[in-house]
Amino acid sequence: MASIWSLQFHSLSFLLSIWGNKHWLSSNVVRLPTKLLLNHSQLKNNRKVQLRAIAGSSGSEVEQPTQNAVVNSVERGLVLNSEHPFSRFQGTISSFPPVVLMMKKYGGSNLVIGFCIATAILIIAVRAYVVGKSRDNIHGSVADLVRRGHLRSDRRGISSPLKYDDPFNNPLVKVGKGNSTVEMCGKVYRLAPVTLTRDQQAIHQKRRSRAYQWKRPTIFLKEGDSIPPDVDPDTIRWIPANHPFATTTSEIDEDLAQNNVYQKHGVPFRIQAEHEALQRKLEALQNDEKLNNLMIDGRNAKDFQRPFKLYSKSNDPVEESPNNSKVVYSKPPRPKLDPNSSQGNLSSEEMQKP
Amino acid sequence: MVSLQFHPANAKPMSLCPSFQTLNPTKTLKSYPKPRRSVAIASALQWNRKPQLAGETPRVVVITSGKGGVGKTTTTANVGLSLARLGFSVVAIDADVGLRNLDLLLGLENRVNYTVVEVLNGDCRLDQALVRDKRWSNFELLCISKPRSKLPIGFGGKALVWLVDALKSREEGSPDFILIDCPAGIDAGFITAITPANEAVLVTTPDITSLRDADRVTGLLECDGIRDIKMIVNRVRTDMIKGEDMMSVLDVQEMLGLALLGVIPEDSEVIRSTNRGYPLVLNKPPTLAGLAFEQAAWRLVEQDSMQAVMVEEEPKKRGFFSFFGG
């Protein structure tokens with residue numbers, strides 16, 4: 001039990017000292033009462049001893065009231081004449097009636113108070129630690145980027161050399177003594193030397209060269225194609241006509257394909273070709289449009305004329321018929337009519353739709 | 001781990017990746033001296049070293065197998081991204097005309113708008129058809145064709161040669177590696193895919209069907225003039241090898257007589273990463289198969305080959321404190 005108390009006391013003083021580093025003033029304030037209490041108890045004992053000595057020196061008990069008065073005066077004088085100003089201060093405090101009362105009343109609960117203070121300090125320390133931790137994890141910091149995997153912690157900065165994870169010098173690869181065993185990923189393997197020699201390799205190569213006579217095919221023909229006259233039949237590769245992935249025919253010729261592969265800048269060939277073709281088509285369309293405009297405007301003009309005609313000349317059988325085919329048939333180009341109207345095309349198409 | 005940095009930067013573990021002496025690293029990077037092989041203890045492993053690029057750039061590597069489903073596309077994706085992580089610029093070409101999958105494995109399927117067929121037709125330029133990976137900006141994907149389009153194979157092979165030439169001469173510089181994911185079989189697609197390649201990586205699994213196809217494909221590659229052929233043995237199960245239910249890697253090597261670029265153990269993470277569109281080598285923590293792919297990529301850069309293979313699983317020795325969970 002005593003050890004526990006002493007431990008608590010030590011921890012208390014330790015915490016006090018830690019806390020005191022940051023809050024020097026407040027630690028002084030905290031330390032003061034404990035010292036006061038300790039010194040007060042010591043002082044009390046000393047005083048008793050001294051007073052007993054004084055009392056013992058007196059000859060009889062009759063003179064006790066006077067002696068008591070003397071003792072009191074001596075006590076006061078002792079307190080007042082004490083050399084230590086701090087103890088004088090303590091004495092003054094202890095002589096105050098409320099303090100004396102408190103000390104008498106709560107004399108045994110020092111440890112409880114200490115425990116409360118220690119708990120409070122502990123809570124403050126934990127809170128400070130948590131706040132400090134949360135300050136480290138500010139979003140957007142470099143540490144945060146590393147944590148999120150945007151930066152590699154081992155690659156940061158140019159001063160640190162790049163380390164290669166040498167697979168032969170990995171913590172997971174340990175070569176045993178005498179190079180006869182190797183431990184990889186926690187398993188131990190015995191190493192056996194390779195016995196293949198250069199001569200054996202050459203023998204195998206000769207065997208294979210006898211066993212496999214092969215010429216690289218230089219020409220690929222579809223099954224059913226005739227063999228060209230100047231081609232070695234051994235170098236022909238016959239591709240089945242329904243081969244899923246290979247084709248012997250190609251849309252693009254070899255030189256053009258080679259140029260396409262070697263092209264480093266600019267628009268790719270086909271894109272450019274398609275673009276040019278589109279351009280040409282567009283130009284042609286525009287030309288046609290102009291031409292159409294000529295025609296359509298003519299017809300448009302005619303269409304605009306038609307209601308007028310209908311209303312004016314209702315006896316014309318051709319113009320009265322609602323059949324569009326007749327309208328289509330009856331659209332010979334009339335360049336002599338007005339080509340300026342741009343909306344003529346649309347309106348004529350809209351009229352042709354139904 | 002800190003102490004490792006004080007060791008000479010070029011030492012390598014002898015048991016895992018010493019190269020053949022005949023293979024000469026011609027091109028070395030400026031800041032890294034030539035590797036020394038004298039220090040071969042495990043504690044002297046390097047950490048900050050970049051693998052030294054051997055051979056002329058661009059290294060045009062075709063990844064082929066003959067048989068389907070052995071892991072060509074997975075290998076292309078993982079080795080390609082490993083190379084990109086090591087700082088090399090990589091262009092991966094999916095030459096599987098009808099059945100392309102590399103874009104799915106890399107998680108780039110939504111970003112493929114143009115393919116080589118469009119480039120040939122002149123619908124777009126080559127730089128527009130290259131899809132740059134956002135995770136590693138020095139990795140680019142190029143697909144040959146869209147699923148329902150046909151490639152004119154009359155000049156399919158030539159087209160790939162033109163592509164390589166165009167990539168060589170582009171403004172931002174020639175890529176260090178051009179990886180070509182070859183379709184299965186030895187059909188027209190295979191012929192197209194191997195045309196521009198200088199070296200080949202043969203992916204095989206330790207079963208007889210795959211080995212027979214691999215042997216035939218190796219023969220065709222050699223007939224075509226590709227001499228630098230290395231193999232990756234995929235989907236190896238050490239427990240089955242121990243029980244003699246599966247051919248060991250050394251047995252496979254004895255049958256094919258090819259240098260080993262890597263041995264990839266069977267790993268359920270492969271399927272998971274495929275479904276996610278997130279290659280295995282980017283997994284953290286790395287898995288066993290991911291580590292093996294990284295090692296294979298490292299050897300590919302240095303034109304290296306395996307000198308020892310993991311053949312048997314030993315139970316891990318438990319310490320005194322293992323009883324307490326230590």
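How many of the 354 residues in chain A are buried, as a percentage? I looked this up before anything else. Buried residues make up 21% of chain A. Buried here means under 20% relative accessible area, exposed over 50%, and partly exposed in between (1.4 Å probe, protein chains only).

**Ground rules.** I am working with a predicted model, in which local features need pLDDT of at least 70, side-chain atom pairs count only at pLDDT 80 or more, and totals for chains, interfaces and linings use all residues. Residues are numbered from 1 along each chain as its sequence is written, chains are lettered from A and ligands numbered from 1 in the order in which they are written, and side-chain values use heavy atoms, with hydrogens and water left out.

**Chain A.** I noted 13 helices and six strands. Helices (H or I, at least four residues) and strands (E, at least two) are DSSP runs, numbered from the N terminus. I then checked contacts, meaning heavy atoms within 4.5 Å. Of the chain A contacts with a separation of 6 or more, 37% are between residues 24 or more positions apart.

**Chain B.** I found eleven helices and ten strands here. Of its 326 residues, 62% count as buried. Among contacts between residues at least 6 apart in sequence, 78% join residues at least 24 apart.

**The sheet in chain B.** I traced an open sheet of eight strands with mixed pairing, in the order β3-β4-β2-β6-β1-β7-β8-β9. Its edge strands are β3 (131-132) and β9 (259-265), each pairing on one side only. Two strands pair if DSSP finds at least two bridges between them. Strand β2 (residues 90-94) and β6(B) run parallel and are joined by five bridges. I picked out one partner: B:Val91 bridges to B:Ile178 in β6(B).

**B:Asp176.** Is this residue buried or exposed? B:Asp176 counts as buried because its relative accessibility is 16%. I located B:Asp176 in the loop between α5 (156-168) and β6 (177-181) of chain B. Its C-alpha atom is 6.0 Å from that of B:Val90, 86 residues apart along the chain. Leaving aside neighbours within four places in sequence, B:Asp176 has contacts that include B:Leu53, B:Arg59 and B:Phe88.

**Where A meets B.** I counted 66 residues from chain A and 93 residues from chain B in the contact. The size of an interface is often given as the accessible area lost when the parts come together. For chain A and chain B the buried area is about 7,700 Å², with carbon and sulfur atoms giving 59%. That area is the accessible area (1.4 Å probe) that two parts lose on being put together, summed over both.

Next, the charged pairs. I found six salt bridges between the chains, each a side-chain nitrogen of Lys or Arg within 4 Å of a carboxyl oxygen of Asp or Glu. One of them joins the side chains of A:Arg208 and B:Asp215 (3.3 Å, N to O).

Which element supplies the largest share of the side of chain A that touches chain B? I found β3(A) there, with seven residues. By class, this side of chain A has 33 nonpolar, 17 polar and 16 charged residues. Ala, Val, Leu, Ile, Met, Phe, Trp, Tyr, Cys and Pro count as nonpolar, Asp, Glu, Lys and Arg as charged, and the others, Gly among them, as polar.

β6(A) pairs with strand β5 (residues 151-152) of chain B in the parallel sense, over two bridges. A:Ala246 has B:Leu151 as its bridge partner in β5(B).
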